[in-house]
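Please find below my notes on the side-chain contacts and the surface of this entry. They are set out as numbered points for discussion.

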Amino acid sequence: MEDFKISDKMKNLRYKTWTCLLLAVIGSSCRKYVEVDQYSNRTLKYTSDFQYVINNRNNFEPSYILPTVTSDDIATTGTAQQNAWNSEYKAAYVWAAGFYGDTQTDIGWNNFYKTIYTCNEVIFSVMSSENGTKVQKDQIYAEALVNRAFAYLMLVNQYGEIYDPAKATTQIGVPLLTTPDLYQKLNRASLSDVYGQIVKDVEQAIPLLPNTGNNNGHAGKVSAYALLSRCYLYMRNFALAGDYADKALALNSSLNNLTTYVGNMGKFPLRLNDPEVILSRLSAGQFRAQLNPELINLFQAGDLRLELFTGTGVQGIPGRVYIRPNFNEGYIYTGLNVPEMMLNRAEVYARAGDIPKTLDLLNKLRQSRFTAVTYQDLSISNPADLLPAVINERRRELMATGLRWFDMRRLNLDAALAKPVVRTFLGQDYTLNPGSNRYLYPIAPAVLNLNPEIQQSPR
Amino acid sequence: MTRKLLLLIGLLFCAWMEQSGFAQEKMSLQKALSEIQRTYGTKFSYRADLIKNMQTDLTLPLNKSQPVEGVLKRILYPHKLLFLYVQENYYTLVRDTREEQERPAADQQNIPEPNYRTITGKVTDEQGRPLIGATVFPEGMGIRNGSITSSDGGYVLRLLGPVDAIVFSYVGMQPTKIALGKGNVVNAVLTGEQNMLEEVTVVSTGYSKLPKERSTGSFGIATAKDIKEVPAVNILEKLEGMIPGVQVDLRKNTISIRGRNSFGTGVSSSPLIVVDGFPVMDVDDNNANLSDIASGGGASGGAVLNRFNPEDIESITVLKDAAASSIWGAKAANGVIVIETKKGRNTPPVINFGVNFSVSAPADLNKLKVMNSAQYIDLEREIKDLGFISDPAIKQDWASFNNNAPVSEALEWMFKVDRGTATAQQRDAALAALGQIDNKSQIRDLLLQRAVSQQYNLSFSGGSNKSTYYLSTNYTKDVPVFRGNKAESFFVNSNLTNKLFNDRVDLTFGLNYNYSNSINNPAAIDAMGNSVRGLKPYELLQDAQGNNISRYIRYTQAVSQDFESKGYLPWGYSPLDDLSQTNYNEQSNRLRVNMGIDTKIIDGVNFVVSGMLQRNIVDTENLDKVNSYGVRDLLNYGTSIDPNSGKLVYGVPYGGTLGLINYNGWEYNLRSQVNVDKNVGNFLNVNFLAGAEIRQTKYQSSSQSRYGFNEDTYSDQVVNPTVPYQTVEGWTSTLSYQNTLRKSVNRALSYYTNIGLSFLSGKYVASGSLRFDDFTVTGASRNQRAKPLWSAGLKWNAKMESFVEQINWLNALDVRLTYGVGGTMPTGVGNQVVINTSTDNLTNEQIATIASPANNQISWEKVKTFNLGVDFAVLNNRLAFNVDVYNKKTSDILYNLPFNPTYGWTMLQFNSASMKSNGFELGMRASVIKHRDYSWNALFNFSYNTNEVTDNRFLKNTTSNLVNLSTPTVGLPLDYMYAYRWAGLDAQGQSQIYDKNGKILNASVGNNKLTSDDLVYMGRTTAPYFGGFNNDFRYKNFTLGVRISYAMGNVLRRPSVKDYPTYSPYQGLISTQSDLALRWRKPGDEAFTNVPGLKDISFNSLNRYQNSDLLTISGSYIRLQQISAGYIVPAKLLKRTPLKSASVNASVRNLGLLWTKNKDGIDPSYVNTGSYNNLPPTKAFFISLNTSF
């Protein structure tokens, strides 16, 4: 050992050099080694990544369920049925002060704010994404604006006050988030701010959108117009509501003739193939309950909406039950559609006292809802009967979709149509008076506890 | 960061290169032998007490170019020890007794008398077979004057002086001395060695092998012999109770080391498994269907371990504390299991052949806690009388036909009376007849079978001084108790080593291949389960004529038969028919190839480049033939009748369904490492390693559903899942269509270094390690990903201190102290938005979901581990103890905390939670009886582990919901359990509980009136105390082993009744638990039963009963796991055979409990005895035969 030869020492030195070099090479080249792009788990980098987000209907379709429960479309009887309901359905049905326990989630609130978050991410950064054309980016951006506006309109009509054009600047709205910041303040914005944002977003989107989307899960100009029509109707700006309904109908006025499906409901189109759907939205789950006999009585004999879309003896529920979801993949459609636009337009004509135009629209819709044998044209001579007729048609056409709840809210401001709603639940009577604060949904305690700056809805 | 680290490594490296001091170091003789083994691969056997307390000087590092004999002479001769050549590179150490005898001899022989003499002879074993390579030397002369027997066992010994006797030795044989008479021919017959041999222990971390004396960490070791002791096919069963701190759950096929460190999101609790220096690749796919591929549920340790042939395992080392495992960095947070497979040795070729055969009967169905037919009918009657079930003959008016599901035969009779189609007498007679039927014997005979497993193992090993080889192959066939199921696997393993360039370069090559094939049929399990296909106790499989009975499940008999008459397929279900109609087949191919080049740069400095390539290919074919019930039901349900033509319209193409899943994963590892082993002066030895490695894991997978499949032509029909079809009930439906494609690539980069300093021949040892890991994590920046992890340890070999050395009763004592920081990388979250992409089946658009938002407040989860260990031995080393106490603190646990949904997220990951855990481990080895002909060795393990959440934000849930929760709670262990205080039933037969003041509350008191204070804390649900007690007895050629395992200190809920109808109308199966027969029926029953009655049953009433302290039992048990008997065939009997050795072993496993704390006779490991899968396994009988040529 002690008698190393010179050559051995030289050899050792050479080995040492090589070893050090090799180590250095292996070590330094790897800085970027681990930063390899993933196939299905990616960051939002390219315009196509944003396109994928916009393509995902699951990001935008989920909506609410409680407006169906709180509306007078439902009148449940039978203690067993009532007892079987979820606690939040029980509370919402009697317009209780609070709907949720401390740890319960409000699925309606969560769904819409999830949509808003997703849209905010897209709106915030799509314009700076890579590998996309200006046109592509614009369209993605515009779709996100429409989807965000839809979510805000539905939120503000559940939790906000009833829009009164005279008082909107001081009325309570909902927290208005327009960036994806996870730590911003959540104070409730005023109604005029929220509606202002909705109108601004949709108007900004319209020029950037194609007339219709690739499918009715995508927003096009037609969905933007339809959304503005609904928005202005709720804002009681009837002129604009009518104008935008016209614009939407100009792009899509298809109706399903229900006679085609008598005894043949297996052929009833699913939402993506349904020509009536302008922007697809789905209820947050199913709610099967007895329909209000008062609503059932509004249907004339031969009305296929009653025949095809309601049934008796469903899961032991007494009375008639809305069964259209059975043909709709299990969901209630809560989005924008052609009949709603026709009814919006008709309501605006009715409010203006235009008898022929109102009847023309209503009859056009009704023709597709009856068998030829039973169909009869509506005829109205007194202008005062026009608005109730349109509202009744809305009740039949938009049955159990929850849209009735938003109508009930806004009709509070029509003295002739505002009336108390009375219902009995588990042996107790409840009344919802016009203008009551119970027309506003309470915000779940779990949401308030995490951000106390959010104000509870007035009770 | 990297640059700096590299510079550091380089500097350190160069610094050690400059050191050229080769100094002598004083160390224990045992340690010196370990060093020799490490350097030369030389193996030694010797009596345990032979080299006790001996010190020697050894020049470290050892120079491999010097012959090992020279080194051995230098260290052994001064201690009057001889090393006897056994085989190439294998020596036996014996005491040199010649001096004592030489002296008198020298006295006698004042006059030198030259006595040249040549002795010849033959050395044989007891069977007269020649022993080749036996050592023969003249007594008192030392081995230098000796000789070695040649291939015929003959020898020639030239004596240079007067000698009294000749000594013969051979490994595994008793050294024999034969007095020298007048004759010049001395033949020797050697007999088997009966003394216990002890081998030097070397621990392997996967990166390096280290003598145990020089390691500071906490290790647990199972040797090949230990592993062979348990004949089970499953390696987990082999490890059970063997190593302190290692907890095995055979039912879940999981293994855990020192309990839980974290309750974080997506953090695995299974240890890292390393085989031959590289981690075993996981099946790493987040597709739920694919994760089922790895039997045992994903990447649990158990499933991974079973991909290796137990016969090929040389040793299993468990790295438990930070000092032991931190060299593995982020993956080591849950401990590491290092497996070394067998390598060839420098021996003549050895062929080993072994057969294992095991058989076990199906579990006793009478042990199922289910009701008999009469009891079940009685329950059905009460349920019907209370109005929970309505008559299936009554059509719902909105349905186009009566689409009610049928009721059982007994209920049908009851409804017949209501309908007026049968009289009460007819019904009672029919029910009485049904009540006599028991389907258990048919289930046993027709759906179950004897479980049989066969294993054949053949290995071939050997080598020369330049190369070694080990080749093995194994075939295993498993037939489980359920008919229609089987599995087989095939292993090939080869390890080759070569020394090149004057022994300067060591080349190693290893190949490991595993093929497995399993066929599954769910019919037997379904028939015994609680699904709609489950059999009621009176439902037979075959009628008296031996025809298979089929029953209608979806619609009533009348409706189904009506459809059948219209051309629908038969709609009945028979489990026996389905045995041949479904075939779930999975085939997997797993290949590991590794190569290493170990080059000596200078003495004591080696440079190692090694790599591993792994491939996993798993193909699954789930075939439901067209005649299976599932497919017939699918086809029928998708068939409608055209209202105009009356023709059948088929919505689903006619034919079977085939689910195809293909998984293709591959991984490479590349590592370069420098090992330095040098002495500084004569007081310090430095063992240093530093290296860098890269790893890439990729997988690609696809799954498809095929419809209209014809197995004869192996063809299918194209379907369009976006086009709906009309169902028989008039709804629309679409075919569930699975067509997923996945691909993933992940990379990792690591730098690591480890240094061990051994002062004063190992009296004091210090070690430290440092590692950087960097992974592919989408959305995380580099400084979030790469973090250093480190550990440090100290060891004091107290026995080497002079003041301890004198304590004679204490044979060994050392103290270890280690501390380290381990960590887990957050995955799937980071400072950028991450999306998951897929395809929308209806629109064919590419879609994405935002999986996680940008969150800057994310970093690593950290586990700080402190370990104190003491090892000592007393009573001449016959009783040896290892004691470890540890404490772990985990901080920054990544947890999904509630977030305001207004921001779009109801939960968000933050790393801020914390917990702590601690434990105690005791390992004891005792040589209770030690005698030439008989012995008793015992191994006893005891482990304790507990944990506690320390984060103040996890406040105890204040509602009574706590009873069902498992969410982390501050101040409580992760597996806490609360229960209601049971107060018996009330006069209405419903639950009552005590509140915190002892007031009795009935079931009508809502849960909102209760708080968590009204509950009582029961304890933990996993056993904090566990271990094993293994005994090996030997009498001559017979051995007897008894293995006992135990777990104590936990509680569990005894399942009593499961599904009561708590609402009406009740739909679905009624449970069959035997406790239901004890239910309350009429006022007064509450005096003797606690099972709530059916009338007015509410969710609260049932829930409070199920979660009451009444049903909480202790989980403590002591289990007799195995008794085995072995016999080594005496060589005499093998005389006329080509066999070198042969042994037979017979074992019985699953012998049942020796003791349980609970008084209900419940086996705590198998509580849920309502279903067959949870029955305790029956006794399994194993026979194994091992031979070598």
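Predicted model: local features only at pLDDT ≥ 70, side-chain atom pairs only at ≥ 80, totals over all residues.

The points below take up aromatic pairs, charges over rings, salt bridges and a nonpolar surface patch.

1. Aromatic pairs. Over all chains, a search of the whole structure finds 55 aromatic pairs. One of them joins B:Phe263 and B:Tyr895, whose ring centres are 5.3 Å apart; the planes stand at 75°, so the pair is edge-to-face, the cut-off for that class being over 60 degrees. This pair links distant parts of the chain, 632 residues apart. B:Phe263 sits in the loop between strand S17 (254-257) and strand S18 (272-275) of chain B, while B:Tyr895 belongs to strand S45 (residues 879-898) of chain B. Both B:Phe263 and B:Tyr895 are buried.

2. A further edge-to-face pair. B:Tyr978 and B:Tyr1017 also form an aromatic pair, with 5.3 Å from centre to centre and 65° between the planes, which is edge-to-face. B:Tyr978 is in strand S48 (residues 976-985) of chain B and B:Tyr1017 in strand S51 (residues 1015-1020) of chain B, so the pair ties together parts that are 39 residues apart in sequence. B:Tyr1017 is partly exposed because its relative accessible area is 36%.

3. Aromatic cluster in chain A. Ring pairs link A:Phe99, A:Tyr100, A:Trp109, A:Tyr113, A:Tyr152, A:Tyr159, A:Trp405, A:Tyr439 and A:Tyr441 into a cluster.

4. Charges over rings. B:Lys416 lies over the face of B:Trp413, 4.2 Å from the ring centre. B:Arg554 is placed over the face of B:Tyr637, at 4.0 Å from the ring centre.

5. Salt bridges of B:Arg771. The structure holds 61 salt bridges over all chains. Which residues does B:Arg771 pair with? With B:Glu693 the closest N and O atoms are 3.3 Å apart. That pair links distant parts of the chain, B:Arg771 being in strand S39 (residues 764-775) of chain B and B:Glu693 in strand S34 (residues 684-710) of chain B, 78 residues apart. B:Arg771 and B:Glu693 are both buried. The side chains of B:Arg771 and B:Asp773 also meet in a salt bridge, at 2.9 Å from N to O, and B:Asp773 is buried as well.

6. Salt bridges in chain A. Salt bridges that share partners join A:Glu276, A:Asp303, A:Arg305, A:Arg366, A:Arg369, A:Glu393, A:Arg396 and A:Glu397 into one network. A:Glu61 forms a salt bridge with A:Arg57, where the closest N and O atoms are 3.9 Å apart; the criterion is within 4 Å. A:Glu61 and A:Arg57 are both buried.

7. Nonpolar surface patch. B:Ile351, B:Phe353, B:Tyr456, B:Leu458, B:Phe460, B:Leu471, B:Leu496 and B:Phe1189 make up a nonpolar patch on the surface, with about 600 Å² of accessible area together. Strand S22 (350-360) and strand S23 (451-463) of chain B are the elements that give two or more residues to the patch. The largest share, three residues, comes from S23(B). B:Phe460 is placed in strand S23 of chain B; a relative accessible area of 34% makes B:Phe460 partly exposed, and patch residues need over 30%.

Note on methods: Residues numbered from 1 in each chain as written. Chains lettered and ligands numbered in written order. Heavy atoms only, no water. Patch = residues over 30% accessible without salt bridge, like charges linked within 9 Å, V, L, I, M, F, W, Y side chains within 5 Å. Areas by Shrake-Rupley, 256 points an atom, 1.4 Å probe, with all protein chains shown as cover. Helix = DSSP H or I, 4+ residues; strand = E, 2+ residues; numbered from the N terminus. Buried < 20%, exposed > 50% of the residue type's maximum accessible area, 1.4 Å probe, protein only. Phe/Tyr/Trp six-rings, centres within 6.5 Å; stacked < 30°, edge-to-face > 60°. Lys NZ or Arg CZ within 6 Å of the ring centre and 35° of its normal.
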